[in-house]
Every structure is written in structure tokens, then in C-alpha cells.
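Me: Got a model open here and want to go through it with you. Can we start with the charged pairs and then move to the fold?

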Amino acid sequence: MNEARKVLLIGGGGTLGAYTAEELLRMNCQVDVICLEDNQPAREGLCFYQGRATLDYLAAFLKERRYDGIINYLHYPNAEDYKPVYRLLSASAERVVFLSSYRIYADRAHPITENAPILYDVLQGVDEGFLQKEKYAVSKSEGEKFLREECGGGRWIIVRPVISFSRHRFDLVTRSGHEIPEAVRQGKHLSLPNICRDRTAGLDWAGNSGKLIARLLFQPQALGEAFTISSAQNWTWGQVAEAYAELTGLQVDWVDTEDYLRDNPKLQRDPWILKYDRLFNRVIDNTKVLQATGLSQADFVSIKEGIRIELEKYAKES
């Protein structure tokens, strides 16, 4: 019998990590998870290590360990901080997954493929404020650039997940966390910008995303490549809102953008998530990741069913 492959998930106790771990276990992998959460192993083959995955922590942790694959779910707002981490991880594993994001894509290609124009390139000399101040899409692009330009073909795989909801976070345009179930509980209406109603949402159930990431990990053709992580159901935000309304009774008020911004001071200070993502049409072509993993559309759970599953989990924990 072949020895089980060993996989390390860094920051793997949250939305994406839990479902990735489940799929890896189904693939007969031995899974270790470093996370801040005080989790207990749910089944044989899964081991949790509670800790903050700093460079020093990881160096000590990996000193006498080696893995077939490492998936790093941590976000590095400064891409320079990621470089020594990758070098450490790549010396301790056959392959390392870098968590990028679909938010790196500009609104230039419909549908979006992995070769679509990148915001980081499109906005050079156009919006220096975004390039200097935004700490998510920009740093993801810089992390990818580091892997491509300084690490060659290497042992890396880039994944670009769409928004992946679970019981930890329910997403509707820029509403996130537990705003939706809390609004339902309190009988409050949730305002949303009407301009986004017919925009295609970059959204998927975390179970679908975790399955894709796990299935990519050991594909030889995935090394040195980037993949958009999505089941490509391509729902509009209006359709997502309707699903929440049917499942929870959520009441939504679609309002003018100016009114929405006025009621959301955080977006006034940090407008990038709306301006350079939620206002875009995020129609995904997932041909590349399906070909690499051997999965088909029939292997995915619908967005509505995913919402139902996570609402039930949330209700049990509340």
C-alpha cells in the first residue's frame, strides 16, 4: 500500500481551509493544519497545531518535517513579507500553493480566463492611489510576480479563488461576515447598491472552492501555473439576494450608489473593493481548472444549496 501523502495547511482553520482539508482526507492524505483557532481533530488523519504562523514559528515547525504539499492561506499585505516564507516552504515541500485572488483581474475580459488583463498592470499610471494604498489585490499581484520572475517554474501553484462563503462569512456585494443573518434576526432591511444588482458576482460556496484547490495540488501540470478557483455558476448579485430572501426572508433595499456609500463610511475610506471589484462583471470561464482537476460542473453544489448548508451550520453554532 502506498504511503499517504502529507499536506500542511497554513492558516487552514477558516473558510477555505476546512473544506480543503475534507477533500484531502477523501483523497487519503494525512493533513496537518496550523491555525489560530482551538480546533480538535474531526477525524483520523487530521491534526491541528494552534499557533501564529510567523516566519520563526514556521522555521521551527518545519525543522524536522517534510510535506508532499503545503497550502498557505495567509494573506501578506506586504508582498515582501511573503518572499522568505515561500523560500522556507519550498525547501520543505514538493509543491507550495500561493493564495492569490480573482480580484486581481481588471474588467477587460468577459468571460474571465487566467490570461485576462490584471488590475496591477492596467492601472499603472492611471490610479496610483490604488497601487500605493490598496493592500489586497495589489499585494496578491506582487506575490504572483515574485513567483514568476524570481522562482522560475519552481514548485509553486497559484490559486485565484472567487469570494468563498461559509458559516464564517456570508457575502452579498460588500456585506460580509454575519451581517445577513443578523439583519434577518433583527427584522432589518439590508441596503445594497442598485448598480450591482445585475452585475455577475465573483462568488462560490467554500466547499466547491476547497474541492478544486485540493484536487489541483498533486496535478503535475499545475506546477508553475495559475488557476481561477470557481465552479463558474456566474450568478448575479440580484440572484444571490433572491436566494437569501427565499431561504431566510431577508429584505433588501436596492439603493443609489451615493446613498449606499453615505451609509457605509468604511467604503468612503477604502473604496477599492466596490470600485475595482463589485462593480465589475465577474463572469468566470473555469475551463482550465476543470481540465487540470478532471472535475465537471456536475461535481459542484449549487450556490443556493451552499447557502442553505452554511445557514444551517451557523444556526447550530449560534
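Reply: Aspartate 171 forms a salt bridge with arginine 169, with 2.7 Å between the closest N and O atoms. A salt bridge here is a side-chain nitrogen of Lys or Arg within 4 Å of a carboxyl oxygen of Asp or Glu. This is a predicted model, where local features need pLDDT of at least 70, side-chain atom pairs count only at pLDDT 80 or more, and totals for chains, interfaces and linings use all residues. Residues are numbered from 1 along each chain as its sequence is written, and side-chain values use heavy atoms, with hydrogens and water left out.

Me: Is aspartate 171 buried or exposed?

Reply: Aspartate 171 counts as buried, at 0% relative accessibility. Arginine 169 is partly exposed at 29%. Buried means under 20% relative accessible area, exposed over 50%, and partly exposed in between (1.4 Å probe, protein chains only).

Me: How many salt bridges does the structure hold?

Reply: The structure holds 20. One of them joins lysine 83 to glutamate 150, closest N and O atoms 3.3 Å apart. Lysine 83 is in helix α3 and glutamate 150 in helix α6, 67 residues apart, so the pair links distant parts of the chain. Helices (H or I, at least four residues) and strands (E, at least two) are DSSP runs, numbered from the N terminus.

Me: What else does glutamate 150 form a salt bridge with?

Reply: Arginine 87, at 3.4 Å between the closest N and O atoms. Arginine 87 lies in α3 and glutamate 150 in α6, so this pair ties together parts 63 residues apart in sequence. Glutamate 150 is partly exposed at 48% relative accessibility, and arginine 87 is partly exposed at 45%. Lysine 83 is buried, at 14%. Salt bridges with shared partners join Glu80, Lys83, Arg87 and Glu150 into one network.

Me: Which residues of α3 are buried?

Reply: In α3 (residues 82-90), Tyr82, Lys83, Val85, Tyr86, Leu89 and Ser90. Seen down the helix axis, they fall within an arc of 160°, so they line one face of α3. The arc is that of the directions from the helix axis to the C-beta atoms.

Me: What covers them?

Reply: The cover includes β1 (6-10), α2 (55-61), β4 (69-72), β5 (96-99), α6 (137-150) and β6 (156-161). Contact means heavy atoms within 4.5 Å. α3 lies across β1, β4, β5 and β6, at about 155° to β5. Axes are lines fitted to C-alpha atoms, for helices over the stretch in contact, and angles run from 0 to 180 degrees between N-to-C directions.

Me: On to the sheet. What is the strand order?

Reply: It is an open sheet of 7 strands, β3-β2-β1-β4-β5-β6-β10, with parallel pairing. Two strands pair if DSSP finds at least two bridges between them. β3 (46-50) and β10 (226-229) are at the edges with a single partner strand each, so one side of each has no neighbour in the sheet. Neighbouring strands are turned by 20° against each other on average, direction ignored.

Me: And the cores?

Reply: The largest nonpolar core has 52 residues, and Phe130, Leu172, Leu203, Trp237 and Tyr244 touch the most other members. A nonpolar core is a set of buried Ala, Val, Leu, Ile, Met, Phe, Trp, Tyr and Cys residues joined through side-chain atoms within 4.5 Å. A second, separate core of 32 residues includes Val97, Leu99, Ile213 and Phe218.
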